[in-house]
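Trainee: Could you take me through one part of this model in detail? I'd like to look at the aromatic rings and what surrounds them.

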Amino acid sequence: MSAQHPKVLLIVPNPRQMSLVAPIVSHFYNILNENGIEMNFFDTTFYDVSDKYINPDEKAAENFSARSFKENLPFEAIPVKDRPTLHKDFLEQVESFEPDIILVSALESTVTLGIELLGVVRHLNIPHCLGGIFATYAPKQSLNYPEVDMICVGEGDHVIVDVANAIANGESWLNFENLVTKDKEGNIKHNPLREMITDLDSLPFPDRKLYRDKFRYFKNSPITTNRN
């Protein structure tokens, strides 16, 4: 780990057929880079995990809340990667990038996939932080996952910079505001909340360069390699 150049890996569990672009990716990318922190993004969108997780479009059709449809995309836009490949690719990216911390931003509907991925790399002893709506509204349940070391409740814009720098410098990450942390003995610590950010102009404008792949904006399209 480098104290001068901390590294953060972000996962937004996003099974195909769900939302296309998570704004937090572009948002965190700029915040971290402005603070001298390198960020990688692992994109789960283009893997077919329907062997384990519900396809929301098919479920909507079954419930008569949407019409069933047949994809009419180019052949090369048909998903080609399965869930075992997802595990393999994720492990390879983590081992190659060597992040100081792995972040997951998840909803109730996507947290299970995020925890599954964290389990793939748990043996590497990298601190894991779970954030997003699920962690904010279900902190106790979030920390029940053995793969989670800390959760971010509320805004993570500034705290993740502090945490990444602390870990890269070998310092404790247990006492930062907006975090609920769990030490090696399983002791849970609720830290106070930071004052909310009211001046949104003080934040950098989101940079979407991580999403500039040829088929990124086609629903259900594949990417054969993850962006670095």
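Mentor: There are two aromatic pairs in this structure, where Phe, Tyr and Trp rings (Trp by its six-membered ring) pair if their centres lie within 6.5 Å, and planes under 30 degrees apart count as stacked, over 60 as edge-to-face and the rest as tilted. F42 and Y47 make a stacked pair, because their ring centres are 6.1 Å apart and their planes sit at 20°. F42 also pairs with F90, this time edge-to-face, with 5.0 Å centre to centre and 65° between the planes. That pair links distant parts of the chain: F42 belongs to strand β2 (residues 38-42), F90 to helix α3, and 48 residues separate them. Helices (H or I, at least four residues) and strands (E, at least two) are DSSP runs, numbered from the N terminus. So ring pairs tie F42, Y47 and F90 into a cluster. F42 and Y47 are both buried, and F90 is buried as well; buried means under 20% relative accessible area, exposed over 50%, partly exposed in between (1.4 Å probe, protein chains only).

Before going on, keep in mind that this is a predicted model: local features need pLDDT of at least 70, side-chain atom pairs count only at pLDDT 80 or more, and totals for chains, interfaces and linings use all residues. Residues are numbered from 1 along each chain as its sequence is written, and side-chain values use heavy atoms, with hydrogens and water left out.

Now the strand that carries F42. Four of the five residues in β2 are buried, leaving the strand mostly covered. β2 runs parallel to β1, joined by five bridges, and M39 in β2 is the bridge partner of V8. Two strands pair if DSSP finds at least two bridges between them. The open sheet has seven strands in the order β2-β1-β5-β6-β7-β8-β9, with mixed pairing. β2 and β9 (188-190) are its edge strands, each pairing on one side only.

α3 lies across β1, β2 and β5, running at about 170° to β2. For such angles, axes are lines fitted to C-alpha atoms, for helices over the stretch in contact, and angles run from 0 to 180 degrees between N-to-C directions; contact means heavy atoms within 4.5 Å. α4 packs on the sheet too, touching β1, β5 and β6, and its direction makes about 165° with that of β5. Eight of the ten residues of α4 are buried, and these pack against β1, α3, β5, β6 and α5.

F90 also takes us into the largest nonpolar core: of its 30 residues, F90, I102, L130 and I151 touch the most other members. A nonpolar core is a set of buried Ala, Val, Leu, Ile, Met, Phe, Trp, Tyr and Cys residues joined through side-chain atoms within 4.5 Å. β1 (7-11), α3 (83-97), β5 (101-105), α4 (111-120) and α5 (133-137) each supply at least two of its residues, and α4 gives the largest share, six residues. Leaving aside neighbours within four places in sequence, I151 is in contact with residues including L130, A135, L143 and V180.
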